[in-house]
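The sequence and structure come next.

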Amino acid sequence: MRQLSKSLFISHGGGPLPLLGDSGHVEMVSCLQGIAATIPKPDALVVVSAHWEEKMPTITAGRFPALIYDYFGFPPESYEIRYPCAGDPSLATDIHRMLGDYGLAAQLDENRGFDHGVFVPLKIMYPDADIPCVQLSLVNTLDASLHIDIGTALQGLKKQNVLVIGSGFSFHNLKAFFVPESAESRQLNHSFEKWLYDVCAGDQYLEEERRDLLVDWEEAPGARFCHPREEHLLPLHVCYGLSQTPCTERFELTVMNRKSSMYLW
């Protein structure tokens, strides 16, 4: 049996569409189901979602977090989705301590629920909702180096059977999703995906070099076309900070007619 992956960056798709049978998310759903079936089942989950930003790293600490339907204009059934997994206050406290020990001020939030960056992919991967979960926020400065540090601070989780999921999107230009693909936009999309793969998987880099490339991600070809705002990329930085090795596997897929990817460490 493969050793448990401690770090997984996913492209989580558009709002609740993956759960509604949308044709643009078929590959994404299949990919997530395949990953969950391949890796050993974790005892707990930590999800860093692109849809929660705070002034400092913040961790859900409630026992039974509610769901936050943080999307608009979808069919009524989108707001009736249920995913009744438990929280894990003890794990939340451990994460708070790890961040503090690393010198990062953090806070616990007993009231916040899980946004769709958490419950949509988890409902696909672990539909029984039988694995406790905590959510960890991004920091609203959106500083790439800081998010690698957050992952580094959590390396103590490697001693536990915990899967850390960075829930973002390797391509997140909302305007581009809703216009026909041009030759230029395709080239920019594919160029950034190639760069991201080279950086995450390439064994030619020292880890200091890999970190520097991820910190300076804006210099990559197509970077700002693919990420006008970087919140959907930064969960990957947390995953890398936890692992600090080349990824063990990359999953290439098309989501909503755009080339996307997921990375397993």
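## Loop residues with positive phi

N257 sits in the loop that runs between β7 and β8 (258-264); helices (H or I, at least four residues) and strands (E, at least two) are DSSP runs, numbered from the N terminus. The phi angle of N257 is near 65 degrees, which is a positive value in a residue other than glycine. N257 counts as exposed, because its relative accessibility is 64%; buried means under 20% relative accessible area, exposed over 50%, and partly exposed in between (1.4 Å probe, protein chains only).

Q244 is a residue other than glycine with a positive phi, near 55 degrees. The loop between α9 (234-243) and β7 (249-255) holds Q244. With a relative accessible area of 28%, Q244 is partly exposed.

## Basis of the model

The model is predicted: local features need pLDDT of at least 70, side-chain atom pairs count only at pLDDT 80 or more, and totals for chains, interfaces and linings use all residues. Residues are numbered from 1 along each chain as its sequence is written, and side-chain values use heavy atoms, with hydrogens and water left out.

The mean pLDDT of the protein chain is 96, and 98% of the residues score at least 70; pLDDT is the predictor's confidence in each residue, from 0 to 100. Within the protein chain, confidence is highest in strand β3 (residues 58-60), at 99, and lowest in helix α5 (residues 174-177), at a mean of 93.

## Aromatic pairs

A pair of aromatic rings is described by the distance of the centres and the angle of the planes. Rings of Phe, Tyr and Trp (its six-membered ring) pair if their centres lie within 6.5 Å; planes under 30 degrees apart count as stacked, over 60 as edge-to-face and the rest as tilted. The count by this rule is 10 aromatic pairs. One of them joins Y69 and Y71, with ring centres 6.3 Å apart and planes at 70 degrees, so this pair is edge-to-face. Y69 is partly exposed, at 24% relative accessibility, whereas Y71 is buried, at 4%.

F192 and W195 form a stacked pair, at 5.6 Å centre to centre and with 25 degrees between the planes. These two residues, F192 and W195, are three residues apart in helix α6 (residues 183-201) and are therefore separated by about one helical turn. F192 is buried, at 0% relative accessibility, and W195 is also buried, at 14%.

## Ring cluster

Y69 and Y71 also belong to a cluster linked by ring pairs, together with F74, Y79 and F119.
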